[in-house]
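Here are some notes to read alongside the model, meant for someone opening it for the first time. Keep the viewer at hand and go through the points in order.

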Amino acid sequence: MPKNSKAVKRELDDDVTESVRDLLSNEDACDDSFKKSSLIVNNHEGEGKECDVEEGGSDAEEEERPAWNSKLQYILAQVGFSVGLGNVWRFPYLCQKNGGGAYLVPYLILLILIGIPLFFLELAVGQRIRRGSIGVWNYISPRLGGIGFASCVVCFFVALYYNVIISWSLFYFSQSFQQPLPWHECPLVKNKTSTYVVPECEKSSATTYYWYREALDISDSISESGGLNWKMTVCLLIAWSMVCLAMIKGIQSSGKVMYFSSLFPYVVLVCFLVRSLLLKGSMDGIRHMFTPKLEIMLEAKVWREAATQVFFALGLGFGGVIAFSSYNKRDNNCHFDAVLVSFINFFTSVLATLVVFAVLGFKANIMNSKCVAMNTNKILTLLGSGILEQNLIPHHMNLTQVNQVSGEDYHKMIDHIKGVKQDKFESLGLEACSIEDELNKAVQGTGLAFIAFTEAMTHFPASPFWSVMFFLMLVNLGLGSMFGTIEGILTPLIDTFKVRKEFLTVGCCVLAFSIGLLFVQRSGNYFVTMFDDYSATLPLLIVVILENVAIAWFYGIDKFFEDLKDMLGFMPYRFYYYMWKYITPILLMVLLCSSFIQLIMTPPSYSAWIQEEAIEKTLRFPPWGIVVCISLVVMAILPVPVVFGLRYFNIISENTSGLSTVSYKKGRIIKETARPEEDDDTSLIHGKSPSEAPSPMPGNSIYRKQSGSGGTDVDTAPNGRYGIGYLMADMPDMPESDL
């Protein structure tokens, strides 16, 4: 046994404690685990060469790989990517629609069965192979290399329209520095003889009118482009400029932005929760949220929607998770990270739901009071015309003071009138005015953020302040997810084609902005709906199923578990073995089939705003629109069969995957250099062309040298502290891993 075996055992026992300590540690220039790796390589001639790979440097023998400055920065990046706009405007809607508090039960079950295992799998694969999605799946199985390209295509499609939503938030943010807010009331039109309210606004509401007419200036259908909306075009340019500047230096620049973009939304959500709880009616909304409707929970549709939300909430299949984890040290406890980030995501969704329902409860009380006042005036008119008798009104009620009629008194009066005027009640035109009915008007997405929530904020004291905070929060939530999405595009391409990050980042953002002009036409909102519905759902499900199958069946679940043991220092729970091999693939296939059936049964349609009638109508996509919908799905999936076919028929040799083959053995890393005739300009270890590479004979050993305080050199893992994977240089009885 080596001299340091006790130290190794002690380190393994404290593995989880170290993960927590790393998470809470501050950024430290001396943190060698993140900042610097010192490798000693003994070549076949016996000559040792030390290679220091530092941030900003390069070496002839070792390919530079950026690293996170601290564990906290990495966790914030993963949280920022997974926690996005869906947590604020999708999860509360699903909770309201699918049984209130009862919806949390299937969500939690599916988070454990689907979310955490797949999130852990992506973290582990990225951290072990230290490449983006293209390099990772090329390495696992060259025939399945198209998975990485499919992830990149989906990321690009999503980035195109996701940044448009950020631009909408930027527009509302810029308009929030006014008292009163510009969507506070309907605008007036003055002519020579009279002043009147804009008809479109009068038929709808002030916030609805502002969203559709002032912000989007929307056309009546997707076929009427209507030209560019210049206000939104400028906002889109600003949004892409922000993304480009934050990403241009890779994780060195985006990582520092994460401290603000990931933490600020929590500050705003907590402030909103405290403020909304002090408003009248907020508890009505929260009570409505947590009232379980158990009968709904048994419906298959609820479980399907919960599974879909789990799937997208964690950002599975995009490649962003793999890209971020690829910058980690190899002995990082990624299992701890997977569980931590998953539950942070879940509790963020619950916190956002509390805030949304508290605010909607306040709004429902405002709307209910208006309804009571309006119908009380109707009753006064009916009394004056003799249609209703005075004895129908309770004696203690004074209808002349309309604003003082409580909701409870109004309901008693309506019930009494309904009992007496049974046959004629409907003709009276009186409404029930129920808070429950207001809360049951389920809204999601832009309808929640830009219509319902903005309307509620107009009734807040100091409403401009809360509006600024809310839309700044939306911008930050969007940017956090955008950073992960763009990283899912850039990292695989840089790893594969060795282009400069700065040039690729700028080029990607310019191209995306140019295509994104499609979404800032007057009909742009309809294209956002199209991309949201068709560009990601099915392709991502297929990508994640293939990821799971590639690891569990092509690569081998037993080999993968051995690799995890080498990397983490302990064997993961057997629970993951059965999840990855059997349960999760089956659940994903069921989800894929149900999503596909739903897509076929629901004809391609979108919700259009009809200006003249001031209402939303569901319209079918025109024939060319259906072709675009199908093309989005096909283009996203196409790389998978194309790469498989090219490999299978040896049009592209499986030995020239663009990455040199590397075998990891316990205690040893062996580099197998490509044959001279093969094009291997993106070697996994050296990043050199074969002509520049040294002799193809593998080196005798590779290890990391650290000097301890006792003066004895300790051989440790290449990218970590006492990682058991590489401690013992030549142990023939140790099992070998293909990784």
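**Notes on the model**

1. Let's start with a lysine in a loop. With a relative accessibility of 33%, Lys498 counts as partly exposed, because the band for that label lies between under 20% (buried) and over 50% (exposed). Bear in mind as you look that this is a predicted model. Lys498 sits in the loop between helix 23 (463–497) and helix 24 (501–516). Its backbone is worth a glance too: phi is positive, about 55°, although Lys498 is not a glycine.

2. The loop here is the one between strand 5 (605–610) and strand 6 (615–620). Is Ala614 buried or exposed? Ala614 is buried, since its relative accessible area is 4%.

3. One more backbone detail while we're at it. The peptide bond joining Gln179 and Pro180 is cis, with omega at about -5°. To find Pro180, look in the loop between helix 9 and strand 3 (188–190).

4. Now step back for the overall picture. The protein has 29 helices and 11 strands. Its chain runs to 739 residues, of which 56% count as buried. If you take the contacts with a separation of 6 or more, 77% of them come from residues 24 or more positions apart.

5. Ser223 is in the loop between helix 11 (206–215) and helix 12 (230–247). In sequence, Ser223 and Phe621 are 398 residues apart, but their C-alpha atoms are 8.9 Å apart in space. Setting aside neighbours within four places in sequence, Ser223 is in contact with Pro622 and Trp624.

6. On to helix packing. Two packed helices are described by the angle between their axes and the distance between the axes. For helix 9 (residues 146–174) and helix 29 (residues 639–648), the angle is about 155° and the axes are 8 Å apart. The pair is therefore roughly antiparallel, and helix 9 passes helix 29 in a right-handed crossing. On the helix 9 side the contact is made by Gly146, Ile147, Phe149, Ala150 and Val153, and on the helix 29 side by Pro639, Val640 and Val643. Sorted by class, the residues of this contact are seven nonpolar, one polar and no charged.

7. Helix 9 has another partner in helix 8 (residues 133–140). The axes of helix 8 and helix 9 come within 7 Å and cross at roughly 160°, so these two are roughly antiparallel as well. Their crossing is right-handed. From helix 8, Ser133, Ile134 and Trp137 meet Ile147, Gly148, Phe149, Ser151 and Cys152 of helix 9. That contact has five nonpolar, three polar and no charged residues.

8. Have a look at Glu547 with those two helices still on screen. Glu547 belongs to helix 26 (residues 537–568). Because its relative accessibility is 2%, Glu547 counts as buried. Which residues does Glu547 touch, not counting those up to four places away in sequence? They are Glu122, Trp137, Ile147, Ser151, Gly317 and Ile322.

9. Last, a pair with another geometry. Helix 12 and helix 13 (residues 251–277) pack at an angle of about 115°, and their axes are 6 Å apart. Leu245, Ala246 and Met247 of helix 12 meet Ser253, Ser254 and Val257 of helix 13. By class, this contact counts four nonpolar, two polar and no charged residues.

Notes: Residues are numbered from 1 along each chain as its sequence is written. This is a predicted model: local features need pLDDT of at least 70, side-chain atom pairs count only at pLDDT 80 or more; totals for chains, interfaces and linings use all residues. Side-chain values use heavy atoms; hydrogens and water are left out. Axes are lines fitted to C-alpha atoms, for helices over the stretch in contact, and angles run from 0 to 180 degrees between N-to-C directions. Helices (H or I, at least four residues) and strands (E, at least two) are DSSP runs, numbered from the N terminus. Angles under 35 degrees count as roughly parallel, over 145 as roughly antiparallel, 65 to 115 as roughly perpendicular and the rest as oblique. A crossing is left-handed if the near helix is turned anticlockwise from the far one by less than a right angle, and right-handed if clockwise. Contact means heavy atoms within 4.5 Å. Ala, Val, Leu, Ile, Met, Phe, Trp, Tyr, Cys and Pro count as nonpolar, Asp, Glu, Lys and Arg as charged, and the others, Gly among them, as polar. Buried means under 20% relative accessible area, exposed over 50%, partly exposed in between (1.4 Å probe, protein chains only).
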